[in-house]
Amino acid sequence: MHTMIDNMSYPVILTLMVPTESKSYRHVYFICFLALYVLILSINIRLVMVIIMEKALHEPMYIFLSHLCVNGVYGATGFYPKFLSDLILDSYVISSHMCALQIFVIYSSLLCEFTILTVMSYDRYVAICKPLDYHSKLTKLTCVKLILFSWILPTISVFTATLLSNLKPFCAYHVDKLYCDNWSVVKISCASSFVNNIYGYIVAVIFVIFVVIIIVSYIKLISACKASLENRRKFWQTCLPHILLLINFTFAVLFDIMYSRYGSNDIPESLRHFLALELIIVPPVFNPLIYGLNIRAVRQRVFTSCVASRVNVSRAPRRCKT
């Protein structure tokens with residue numbers, strides 16, 4: 001009990017996995033990951049600002065899309081600043097408190113991805129299968145409830161899991177990953193992991209149910225789209241990118257869970273890094289590009305606002321030299 005109190009009062013310093021050939025290429029890694037982080041911030045924030053500024057985009061589908069972009073920025077910020085500082089300082093350490101915060105941010109973002117995609121699939125189901133009921137079902141109040149649900153459930157789930165794993169004393173001090181994840185912290189604690197295991201399986205089952213809901217809604221969408229050319233056009237434009245992103249994201253999450261719990265050292269380190277980082281790199285980059293800019297209404301307004309801003313800059317009065 002005394003050790004547990006000490007661990008909570010005074011943060012323990014943990015070490016993280018060092019990237020392959022970091023001594024030789026850490027500056028190259030730094031430039032690449034900094035460029036990636038800037039790209040994630042710029043495209044997601046740009047899309048959110050366009051949706052906020054354009055009244056024509058104040059529809060449920062675009063509002064949910066903006067929350068997906070905000071979630072991408074939130075999750076990326078849980079990883080990139082810390083990893084970039086590690087690369088530039090060549091020091092791969094983290095306090096137990098900051099480790100807990102990183103776990104909370106990254107994994108609440110990942111679970112938010114599932115809940116927001118579930119809400120978006122419901123939106124597409126009503127829009128295509130029950131278009132006459134769309135505005136009566138997706139009212140402003142309903143949208144607010146769905147958005148709150150998509151943020152609150154993952155936040156509570158991950159907060160509880162993070163609390164359970166960080167209330168235990170540590171017996172080892174190395175996290176075998178480029179960033180902190182919950183199960184890696186559970187594995188280096190001295191106490192039994194039984195409660196963490198049970199809780200983890202309960203959360204996994206809940207979010208598998210969300211995946212099933214999305215799959216069922218898209219099966220119904222596909223059957224509904226067969227009868228109408230207009231519905232087929234809506235499906236290919238707004239739903240297919242959603243399905244591709246969901247498949248990629250689901251497999252990446254499953255690999256992360258399976259490797260964290262039952263991983264083998266036989267898997268090449270470079271492959272482990274790639275699959276672990278895919279969760280943090282792919283969704284925030286491809287969500288706005290594939291899902292957002294694939295929608296004509298969004299794409300037109302993004303490019304129109306970009307052109308307009310450039311025209312305004314070029315027309316700005318210049319001071320004459322005196």
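## The chain as a whole

The model is a predicted one, and its chain of 322 residues has 46% of them counted as buried. The secondary structure comes to 12 helices and 3 strands. The accessible surface of the chain is about 17,100 Å², and 70% of that surface belongs to carbon and sulfur atoms. When contacts between residues at least 6 apart in sequence are considered, 80% of them join residues that are at least 24 apart.

A polar atom of the Ser189 side chain lies 2.7 Å from the backbone oxygen of Val186. Setting aside residues up to four places away in sequence, Ser189 touches Lys168, Pro169, Phe170 and Cys171.

Helix α9 covers residues 194-225, and Phe194 is found in it. Phe194 has a relative accessible area of 57%, and it is therefore exposed, the cut-off for that class being over 50%. Phe194 also belongs to a nonpolar patch on the surface, which is formed together with Val195, Ile198, Ile202 and Ile206 and has about 450 Å² of accessible area in total.

## Helix α5

Helix α5, made up of the 34 residues 96-129, reaches 49 Å from its first C-alpha to its last, which is close to the 50 Å expected at 1.5 Å a residue. This helix is mostly covered, since 29 of its 34 residues are buried.

Asn71 lies in helix α3, which spans residues 60-77, and with a relative accessibility of 0% Asn71 counts as buried. A polar atom of its side chain lies 3.0 Å from the backbone oxygen of Ser109. Apart from residues up to four places away in sequence, Asn71 touches Ser109, Cys112, Glu113, Ile116 and Trp151.

Ile63 lies in helix α3 as well, but at 27% relative accessibility Ile63 counts as partly exposed. Leaving aside neighbours within four places in sequence, Ile63 is in contact with His58 and Ile147. The C-alpha atoms of Ile63 and Ile52 are separated by 8.4 Å, the two residues being 11 apart along the chain.

## Helix α4 and the residue after it

Helix α4 runs over residues 80-89 and holds both Asp86 and Lys82, which are 4 residues apart, or about one turn of the helix. The side chains of these two residues meet in a salt bridge, with a distance of 2.4 Å from N to O. Asp86 has a relative accessibility of 3% and counts as buried because this is under 20%. The buried residues of α4 are Tyr80, Lys82, Phe83, Leu84, Asp86 and Leu87.

Just after α4, Asp90 takes a positive phi of about 55°, although this residue is not a glycine. Most residues other than glycine have a negative phi. Asp90 lies in the loop between α4 and β2 (93-95), where its relative accessibility of 24% makes it partly exposed.

## The salt bridges

The count of salt bridges in the model comes to 3, one of them being the pair of Asp86 and Lys82 described above. Asp123 and Arg124 form another, their side chains meeting at 2.9 Å from N to O, and both Asp123 and Arg124 are buried.

Lys177 forms a salt bridge with Asp181, where the closest N and O atoms are 4.0 Å apart. Lys177 is buried, with a relative accessible area of 8%, and Asp181, at 2% relative accessibility, counts as buried too.

Key: Residues numbered from 1 in each chain as written. Heavy atoms only, no water. Patch = residues over 30% accessible without salt bridge, like charges linked within 9 Å, V, L, I, M, F, W, Y side chains within 5 Å. Areas by Shrake-Rupley, 256 points an atom, 1.4 Å probe, with all protein chains shown as cover. Helix = DSSP H or I, 4+ residues; strand = E, 2+ residues; numbered from the N terminus. Buried < 20%, exposed > 50% of the residue type's maximum accessible area, 1.4 Å probe, protein only. Expected span 1.5 Å × (residues − 1). Polar contact = N/O pair within 3.5 Å; in protein donor to acceptor, adjacent residues only side chain to side chain. Contact = heavy atoms within 4.5 Å.
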